[in-house]
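Colleague: Could you walk me through how the labels in this model were assigned? I'd like to see each one set against its cut-offs.

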Amino acid sequence: MTATDLPPSLIATLPGRFYTDPDVFRREQERLFESMWFCAVRGSDLAGPGAFRTVQVGRESVIVTRNRAGELRAFLNVCRHRGARLCTEESGEVRRALQCPYHAWTYDLDGKLIAAPNLVKMPDVDRTTYGLVTVQLREWLGYAWVCLADEAPSFEETVIGAAVERLGDTASIERYGTEDLALGRRITYDVKANWKLIVENFMECYHCATIHPELTDVLPEFAEGYAAQYYVGHGAAFAEEVEGFTVDGSAGFAKLPEVAEEQDRRYYAITVKPTVFINLVPDHVILHRMFPLAEDRTIVECDWLYAPEVVESGTDVSKSVELFHRVNVQDFDACERTQPAMASRAYRAGGVLVPAEHHIGIFHAWLTERLGGTGA
Ligand code: FES
Ligand SMILES: [Fe+2]
């Protein structure tokens, strides 16, 4: 059956090979993860000058650190001498410089070459020219977003624009003050599935009634399966008897101070392509960052962010965390169950999207256009 044979209720998904073919994944690394703004690190993970994290962005390893002035900086994790990886750890702290473990070329926290064995005998070596390759960086919602492209797309349009498209304006997300929230919990999931299965899953709620009993108890409209969460400005209302966004509907925490009355007792979900999901509830923000490592493996780092006083006071956040942690496990199990079938002859032409999922077709159209067509 071809896409043109489908009844009007159904539209085709991408063919199975889009989820299994290393060539498609390589093209996604090049044209998406290495070309768009990529949410890399929470700023508060880098406590002070010299703290660093290394993250995989497409095919590149990127170092994100703080310079002496406390500003975030990002560099390609490649020594300019003969290419050794500079930082081999996922995170760490240096005192005032990054030193290559091979021949000890040493760079300051703005990337400038400041020392190397016999460097004084090479006065013609320019310290900036042979400094680390800088990666563009923007801060938003308390995260460092990096872009490897020579000409970065507009951050306002492609990143902030996703929130505006979903909520109708910028004020609605700004009221959560996400940049000032404190990390209450982080859980890292190693998902054996293609990153697009995770995005598609996040975009629809047709599965909610089947696999998310705790979530549909809190958000009854999700049990109806329609993607009401994707109407501009619409937030899913909490069930009447529910006190907070917790695993058993018990009370959460005080509403974040600027959150508007009409946003109270509602859940909003935003997808920032290609790799970020933002979930807003009155008393916290849950932010997912994906790190696609292979066509069949994606690391997802999920942060639960609360008012600083909630975290500083040592208040128990476990009932609050448990709700979306269960949702994550339920979703990622579903994605892992789906991944092996992507290589089956039964899925060669792909599957179908029902009307409640048709908007996923917009994601597919966007993706295939960026990859240069379905022949990718
Ligand atoms: S490769 Fe880094 S100092 Fe030689
Ligand atoms: Fe789900």
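Modeller: Happy to! Let's start with donors: these are N, O and S atoms within 2.8 Å of the metal (3.2 Å for Na, K and Ca), and water is not among the atoms, so sites may look incomplete. The donors of the iron ion (ligand 2) follow the spacing H-x4-H-x118-D along the chain. Keep in mind that this is a predicted model, where local features need pLDDT of at least 70 and side-chain atom pairs count only at pLDDT 80 or more, while totals for chains, interfaces and linings use all residues. Residues are numbered from 1 along each chain as its sequence is written, chains are lettered from A and ligands numbered from 1 in the order in which they are written, and side-chain values use heavy atoms, with hydrogens and water left out.

Colleague: What makes these atoms protein donors of the iron ion (ligand 2)?

Modeller: Their distances. His 207 (NE2), His 212 (NE2), Asp 331 (OD) and Asp 331 (OD) lie 2.0 to 2.6 Å from the iron ion, so they meet the cut-off for donors.

Colleague: Why is the arrangement around the iron ion (ligand 2) called irregular?

Modeller: The four donor atoms subtend angles of 55 to 142°. Four donors count as tetrahedral if all angles lie between 85 and 135 degrees; four count as square planar and six as octahedral if opposite donors are over 155 degrees apart and all others between 65 and 115; anything else is irregular. The angles of 55 to 142° therefore make the arrangement irregular.

Colleague: How do you know that Arg 326 forms a salt bridge with Glu 214?

Modeller: A salt bridge is a side-chain nitrogen of Lys or Arg within 4 Å of a carboxyl oxygen of Asp or Glu. For Arg 326 and Glu 214 the closest N and O atoms are 3.1 Å apart, so the pair qualifies.

Colleague: Are Arg 326 and Glu 214 buried, partly exposed or exposed, and why?

Modeller: Buried means under 20% relative accessible area, exposed over 50%, and partly exposed in between (1.4 Å probe, protein chains only). Arg 326 has 32%, so Arg 326 is partly exposed, whereas Glu 214 has 16% and is therefore buried.

Colleague: Which salt bridges does Glu 301 form?

Modeller: One is with Arg 53, at 3.2 Å between the closest N and O atoms, and another is with Arg 289, at 2.8 Å. Salt bridges that share partners join Asp 45, Arg 53, Arg 186, Arg 289, Glu 301 and Asp 303 into one network. Arg 53 and Glu 301 are both buried, and so is Arg 289.
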